[in-house]
Amino acid sequence: MTELAPPHAIKPRLESSVHFVVDVLWVKHWTDRLFSFAVSRPPSFRFRSGEFVMIGLPGEDGGKPILRAYSVASPHFADELEFFSIKVADGPLTSRLQKIEAGDQILLGKKPTGTLVLDAVKPGKRLFLIGTGTGLAPWLSVARDPEAYERFEQLIVCHTVREVKDLAYRDLFEGGIFADELVGDEARAKLAYYPTVTREPFKTPGRITDRILSGALFHDLGLARDRFDAVEDRVMLCGSMAMIKDTAAILEAQGLVEGSNAEPGDFVLERAFVG
Ligand code: A2P
């Protein structure tokens with residue numbers, strides 16, 4: 001087996017018609033399976049909070065670039081673009097991407113897109129942002145966008161992970177965001193963080209699907225009901241395919257209708273791509 005060169009040893013080819021070459025600004029390793037990083041934002045790069053974009057590295061030995069879809073974790077007006085990724089030991093991209101350091105260069109697609117955007121859900125009272133694992137990424141974007149607080153009276157960020165240490169960004173949602181210049185005050189008044197852990201004891205244990213079906217989610221939020229309300233509640237889903245499928249079925253059974261960019265609805269979904 002040939003040893004793969006670390007990404008910083010590879011000089012990306014020049015920008016192409018499909019991707020920019022951007023500088024890595026910082027990298028944060030949460031666990032041996034999770035990390036975040038940020039890149040510089042090309043002035044012409046525009047996106048809506050909640051959208052995803054292709055991220056990648058040049059191929060080895062002049063091969064084709066390896067690109068994967070990632071939700072942008074920054075709000076649409078941010079100066080830098082943040083991403084939240086898993087590390088897969090034998091993953092074609094993440095085995096190399098996890099080794100990036102500040103000062104390296106990576107590829108950034110030129111066409112962000114996606115359905116986890118405020119425009120794809122109808123007006124409502126409450127927005128549930130439900131994610132598993134790195135499916136938290138788009139909520140980092142939406143929950144840091146003042147527009148989310150203009151449109152909804154309450155935002156609930158639900159994050160389901162296997163172990164407590166996988167609750168990346170817990171500090172942000174439990175405190176850091178309240179000091180945010182733009183959304184701090186709104187977040188303090190309107191944002192609820194609802195982490196759940198499936199493979200270790202925790203104050204709110206189990207899969208989010210089970211906590212929805214038992215009514216625990218609604219009771220914990222102080223809502224006097226044990227199911228979603230198609231008039232008041234809007235939902236976005238991101239994460240494992242299994243979670244999305246199961247949650248979408250629950251939402252439909254409770255009367256919510258899936259939406260899209262073309263036709264806004266009560267809920268929208270997107271799987272977390274690299275996994
Ligand atoms: P579980 O530990 O019960 O499988 P993963 O690390 O595999 O991406 O999973 C992230 C989290 O998503 C885990 O806590 C996992 O729970 C949860 N999960 C997996 N499948 C489902 C599902 N169908 N519905 C709800 N949560 C799920």
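Modeller: The model under discussion is a predicted one.

Colleague: Which atom of the ligand lies 2.6 Å from a polar side-chain atom of Arg-199?

Modeller: Polar contacts are pairs of N or O atoms within 3.5 Å. Thr-209 has a polar side-chain atom 3.4 Å from a ligand nitrogen atom, and Arg-162 has one 2.8 Å from a ligand oxygen atom. For Arg-199, the ligand atom at 2.6 Å is an oxygen atom.

Colleague: Is Thr-132 buried or exposed?

Modeller: Thr-132 is placed in strand β7. Beyond its neighbours within four places in sequence, Thr-132 is in contact with His-159, Thr-160, Cys-238, Gly-239, Ser-240 and Met-243. Its relative accessibility is 14% and the limit is under 20%, so Thr-132 counts as buried.

Colleague: The side chain of Thr-132 reaches which backbone nitrogen at 2.9 Å?

Modeller: The contacts of Thr-132 include Gly-239 and Ser-240. At 2.9 Å, the side chain of Thr-132 reaches the backbone nitrogen of Ser-240.

Colleague: Which strands stand at the edges of the open sheet, and why is one side of each left without a neighbour?

Modeller: The open sheet has 5 strands with parallel pairing, in the order β9-β8-β7-β10-β11. Each edge strand has a single partner strand, so one side of each has no neighbour in the sheet; the two are β9 (191–197) and β11 (267–271).

Colleague: By how many degrees are neighbouring strands of this sheet turned against each other on average?

Modeller: This average ignores direction. It comes to 10 degrees.

Colleague: Which strands does helix α8 touch where it packs on the sheet?

Modeller: Helix α8 covers residues 241–253, and its direction makes about 160 degrees with that of β10. The strands it touches are β7 (126–132), β10 (233–239) and β11.

Colleague: How many disulfides does the count come to?

Modeller: A disulfide requires two cysteine sulfur atoms within 2.5 Å. The cysteine sulfur closest to that of Cys-158 is in Cys-238, 13 Å away, which is too far for a bond. Cys-158 is buried at 1% relative accessibility, and Cys-238 is buried at 0%. The count of disulfides is 0.

Notes: Residues numbered from 1 in each chain as written. Predicted model: local features only at pLDDT ≥ 70, side-chain atom pairs only at ≥ 80, totals over all residues. Heavy atoms only, no water. Buried < 20%, exposed > 50% of the residue type's maximum accessible area, 1.4 Å probe, protein only. Pairing = 2+ DSSP bridges. Helix = DSSP H or I, 4+ residues; strand = E, 2+ residues; numbered from the N terminus. Axes fitted to C-alpha atoms, helices over the stretch in contact; angles between N-to-C directions. Contact = heavy atoms within 4.5 Å. Polar contact = N/O pair within 3.5 Å; in protein donor to acceptor, adjacent residues only side chain to side chain.
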